[in-house]
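Opening my notebook on a new structure today.

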Amino acid sequence: MDDLYIAVVCSSNMNRSMEAHAFLAKKGFKVKSYGTGEKVKLPGASADRPNCYEFGVPYDDIYNDLLEKDKAYYTQNGLLHMLDRNRRIKPCPEKFQVTSERFDVIITCEERVYDQVIEWFGSKRSVYNQPVHVINIDIQDNHEEATIGAFFISDMVTKMAQSEDLDNDIDELLHDFESKCHRAVLNCIMFY
C-alpha cells in the first residue's frame, strides 16, 4: 500500500496540517492538506481580533500582510516563520469541502474537524463506492504540538503504507498506535 494518497486536515490549513504535510512529503508520501473552517484564522494582536483570510489567499499575501501590520510581533509569535514554511510547500490554504480529490486516508487534527469531514461525506451521495479511512488525532494548535503531531502522523502513515491489507489491518494498527503514543484516535470509513 505504499501508493497511499493522504489528506491531512485542520481548521485553517496553516499549522498542524501543514507541518504534517511537510513531514509526509519529505518522506515521499503522496499528500495534500486542507482546512475545514469558514475562514483561515490566525492569531491577531488581541485574542478577540484574529486575522481572517479567505481560503485561496496566497500564503505570500498573508505573510506580507502580517509583516506590514507588525513585523516584530508576528516574528516573535512564530507566525511569519510558519507562513514562510507554508509557502515553500504550496501556494495557498485550501478548503477541504471544495476539493474533488479522492484520498485513501484522511487524517484530521481535532475532533471538531473530524466531525466536519464526516458531516461533509454524509451530505453527499456515494458515487464511486471508494472507501476512505477518516482518522482523528487531537493535536493542540501550537508550533510545538504541531511538530509532535506531525511525527505521530508520519509514524502512523508509515505503518499504514507497510500494510498488505489496510482495510483489514487498520483497527489493529490504530490500537497499537494509541497505546504507543498515548493519544486517543477516532476512525471510521466513509465512501466517495
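This is a predicted model: local features need pLDDT of at least 70, side-chain atom pairs count only at pLDDT 80 or more; totals for chains, interfaces and linings use all residues.

**Domains**

I looked up the domain assignment first, and it gives domain 1 (6–37 + 95–191) and domain 2 (40–89); such bounds come from an automatic or database assignment. Residues are numbered from 1 along each chain as its sequence is written, and side-chain values use heavy atoms, with hydrogens and water left out.

The C-alpha centres of the two domains lie 24 Å apart. I found 14 residues of domain 1 in contact with 14 residues of domain 2 (contact means heavy atoms within 4.5 Å).

**Largest pocket**

Next I checked the largest pocket, with a volume of about 380 Å³. A pocket here is an open set of points on a 1 Å grid over the protein atoms alone, where a 1.4 Å probe fits, with protein on both sides within 12 Å along at least five of seven lines; lining residues have an atom within 4 Å of a point. The volume is the space filled by probe spheres set on the points.

There are 24 lining residues, and S12, K41, L42, P43 and D141 are the closest to the centre. β3 (40–46) and α3 (79–89) are the elements that give two or more residues, and β3 gives the most, with five. (Strands are DSSP runs of E, at least two residues; helices are runs of H or I, at least four.)

Where does the largest pocket lie? It lies between domain 1 and domain 2, because both give residues to its lining.

**Helices α5 and α6**

Last, I looked at α5 (residues 143–162) and α6 (residues 166–181): their axes come within 10 Å and cross at roughly 150°. Axes are lines fitted to C-alpha atoms over the stretch in contact, and angles run from 0 to 180 degrees between N-to-C directions.

Which residues of α5 meet α6? They are F152, D155, M156, K159 and M160, and in α6 they meet L166, I170, L173, L174, F177, K180 and C181.
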